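Work through the exercises below with the sequence and the 3D view at hand. Try each task before reading its solution.

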Amino acid sequence: MSVHDDLTSVQRCLDDLVRSVRRLEQQLGAGGLEMRRVRTDADHLRESVALLREAAPELAEPVRPDLVTIPDTPYDNSLWTDSDDEGLGARDRHAP
């Protein structure tokens, strides 16, 4: 997994956590100290992940190299007229 995928997964889990905390608040009430601490901690985690995404913008979008299409047609033989054969030298000269 890439860092981008991991950050996205963490963000989804934190979103689920915040929704669950809201449901708990509705059931238990928001007045207790423990509930406020849980809600505050969940909010801090979301803010921390958002800051982490901003700190590494190159991680937010994976960079993919440009593709180069190579044709299947044969190359023009005139490209090789002045070339040397590797290890054999030029066509009109003898190898040493």
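**Exercise 1.** Find what share of the residues in the chain is buried.

*Solution.* The model is a predicted one. Its chain has 96 residues. Count a residue as buried if its relative accessible area is under 20%. Buried residues then make up 11% of the chain.

**Exercise 2.** List the elements of the chain in order from the N terminus.

*Solution.* Start with the counts: three helices and zero strands. From the N terminus, the order is α-α-α.

**Exercise 3.** Compare the reach of helix α1 with the expected span.

*Solution.* Helix α1 covers residues 3-28, which is 26 residues. At 1.5 Å a residue, 38 Å is expected. From first C-alpha to last, α1 reaches 37 Å, close to that value. Just past α1 comes G29, with a positive phi of about 95°.

**Exercise 4.** Work out how α1 and α2 are oriented to each other.

*Solution.* First take the axes: they come within 10 Å. Next take the angle: the axes of α1 and α2 cross at roughly 160°. Angles over 145 degrees count as roughly antiparallel. The two helices, α1 and α2, are therefore roughly antiparallel to each other. Their crossing is left-handed. Last, sort the residues in the contact of α1 with α2: 14 are nonpolar, three polar and six charged.

Conventions. Residues are numbered from 1 along each chain as its sequence is written. This is a predicted model: local features need pLDDT of at least 70, side-chain atom pairs count only at pLDDT 80 or more; totals for chains, interfaces and linings use all residues. Side-chain values use heavy atoms; hydrogens and water are left out. Helices (H or I, at least four residues) and strands (E, at least two) are DSSP runs, numbered from the N terminus. The expected span of a helix is 1.5 Å times one less than its number of residues. Axes are lines fitted to C-alpha atoms, for helices over the stretch in contact, and angles run from 0 to 180 degrees between N-to-C directions. Angles under 35 degrees count as roughly parallel, over 145 as roughly antiparallel, 65 to 115 as roughly perpendicular and the rest as oblique. A crossing is left-handed if the near helix is turned anticlockwise from the far one by less than a right angle, and right-handed if clockwise. Ala, Val, Leu, Ile, Met, Phe, Trp, Tyr, Cys and Pro count as nonpolar, Asp, Glu, Lys and Arg as charged, and the others, Gly among them, as polar. Buried means under 20% relative accessible area, exposed over 50%, partly exposed in between (1.4 Å probe, protein chains only).
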